[in-house]
Amino acid sequence: MTSPGLNRRSFLTASALGAAAVGTTQGAGAVASGAAAAAPAILKPLPAERFIDYGTNAETRWDSVDPRRYLTPQSDLFVRNHTATPQIDPASYELRIFGDGMRDPAGVRLTLEEIKAFRHVETTSVHECTGNGRSFFATQQGQEVSGTRWTLGAVGAVRWKGVRVKDVLTAAGIRPDAVSVQATGLDASYVDKGVDHGRVRRPFPIEKAFDDALLVWGANGEALLPDHGFPLRLLLPGWIGIASIKWLGSLEVSTSELTSPWDTKWYNVDGPLTVNPVRSALELEWNAEIPAGDRFVLTGRSWSGAAPISRVEISVDGGATWALATQHAPGRPTGGHGLGWAQWAHTWRDPEPGTYEILVRAADRAGRTQPDAAAHNPGGYFFDAVVRHPVTVV
Ligand SMILES: Nc1nc2c(c(=O)[nH]1)N[C@H]1C(S)=C(S)[C@@H](COP(=O)(O)O)O[C@H]1N2
Ligand SMILES: [Mo]
């Protein structure tokens, strides 16, 4: 058993090493992280043909997504870092579980090995940032919002592997009157406009902890990459990205409601945001040039944090007429597989030269759909409106 102090020292040393190693391979990407740090915030390569690089954040380019592939490889998955990816030594890593919601408030510390001894479970879920689509508040609705101006690429589908939070909390001795769990990351404290908000952390209700919350170390059959939370992250399937704390350092279990700036100041619109809305994206470049001819096959994906997708409609004439897209998910059944996304295709017959807007509108089995306009909020969260995707047929 090691102390949290030891963990911290090893992380600091490892970050410095990581900076030296990545500085040589990442080139321009490292420069984009700005004056805040010499070390890059994201350690994996971010090739320009697959990512839009915002420095501490990077989104997947939808035109680089392979329509034949259901899952998003970790190498292609968006990254959202409040600070910078820490490199954590799995040998000295420990998860601390404590709080007045535990029979022993001092709690326990679990090594990775101890965590991996619980029954393994796998689940596929769409992993998405709350601010995905944020740029469309400005470009499509003329509204001002703050935050990273994501297009639609702050999302991916991942097959996660881990253990149930429920099993771990039960074994660790949770009290029956516990109501709230706060997850805290091991990355550096988040300093914004001169204010130190402490480590990235967010509470979630005990109901979610006992429903489908997982502690995950695997993604798509591999270990988590450092940027995605190695060696262990929390996963709250279907919930907004910030709920799934990376580099999980502790779970505080409480008999009273816990809060943090990440559920009061941010990621809050009349209350903490939780379940992701319905959204859709075309696997197509923005302002794509499409060859005129007999047919052009449009492909893309739709997803929801609440339920499988039930219907996808597509319009190639700016919303004047709509057709049902054909749902398919190569290698997987459509729906019925947890909170994964639906893949779909639509054949555009006889596209004639001109400029067009392609619109996609999905609905989920919970009866939710995509509105024509998203509800404005200053943080630019939950842009779930139908996106008008411009193309030119040449
Ligand atoms: N410790 C920690 N966890 C975190 C974050 C962070 O900055 N630090 N960012 C959150 C946000 S806002 C999102 S959208 C997801 C992004 O996960 P990814 O980078 O693995 O795609 O992680 C969440 N968990
Ligand atoms: Mo996020």
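N220 counts as partly exposed, at 22% relative accessibility. Here buried means under 20% relative accessible area, exposed over 50%, and partly exposed in between, with a 1.4 Å probe and protein chains only. The structure is a predicted model, in which local features need pLDDT of at least 70, side-chain atom pairs count only at pLDDT 80 or more, and totals for chains, interfaces and linings use all residues. Residues are numbered from 1 along each chain as its sequence is written, chains are lettered from A and ligands numbered from 1 in the order in which they are written, and side-chain values use heavy atoms, without hydrogens and water.

N220 is found in the loop between strand 12 (214-219) and strand 13. Helices (H or I, at least four residues) and strands (E, at least two) are DSSP runs, numbered from the N terminus. Most residues other than glycine have a negative phi, and most peptide bonds are trans. N220 is not a glycine, yet its phi is positive, about 55 degrees. N287 also has a positive phi, near 60 degrees, and is a residue other than glycine. It lies in the loop between strand 16 (279-282) and strand 17 (288-290). N287 is partly exposed, with a relative accessible area of 49%. A cis peptide bond runs from F230 to P231, with omega near 10 degrees. P231 has its place in the loop between strand 13 (222-223) and strand 14 (233-235).

Helix 5 spans residues 165-172, and V165, V168, L169 and A172 are buried in it. These residues lie on the same side of helix 5 because they cover an arc of only 95 degrees around the axis. The arc is that of the directions from the helix axis to the C-beta atoms. Just after helix 5, G173 takes a positive phi of about 95 degrees.

The whole structure holds 13 aromatic pairs. Rings of Phe, Tyr and Trp (its six-membered ring) pair if their centres lie within 6.5 Å; planes under 30 degrees apart count as stacked, over 60 as edge-to-face and the rest as tilted. W62 and W341 form a tilted pair, 5.7 Å centre to centre, with 50 degrees between the planes. W62 lies in the loop between strand 2 (57-60) and strand 3 (79-80), and W341 in the loop between strand 21 (326-327) and strand 22 (342-349), so the pair ties together parts that are 279 residues apart in sequence. Both W62 and W341 are buried. F136 and F383 form another tilted pair, at 5.7 Å centre to centre and 45 degrees between the planes. F136 is in helix 4 (residues 135-141) and F383 in the loop between strand 23 (354-364) and strand 24 (388-393), 247 residues apart. F136 is buried, with a relative accessible area of 4%. F383 is buried too, at 1%. F136, F137, W286 and F383 form one aromatic cluster.

Ligand 1 is surrounded by 20 residues, and the closest are F78, D187, H228, R233 and K246. A residue counts as near if one of its heavy atoms lies within 4 Å. A polar side-chain atom of D187 lies 2.7 Å from a nitrogen atom of ligand 1. For H228, a polar side-chain atom lies 2.7 Å from an oxygen atom of ligand 1. Taken alone, ligand 1 exposes 530 Å², and the protein buries 100% of that. Accessible areas come from the Shrake-Rupley method with a 1.4 Å probe; for residues, only the protein chains shown count as cover.

Key: A polar contact is a pair of N or O atoms within 3.5 Å; within protein, one must be able to donate a hydrogen and the other to accept it, and residues adjacent in sequence count only if both atoms are side-chain atoms.
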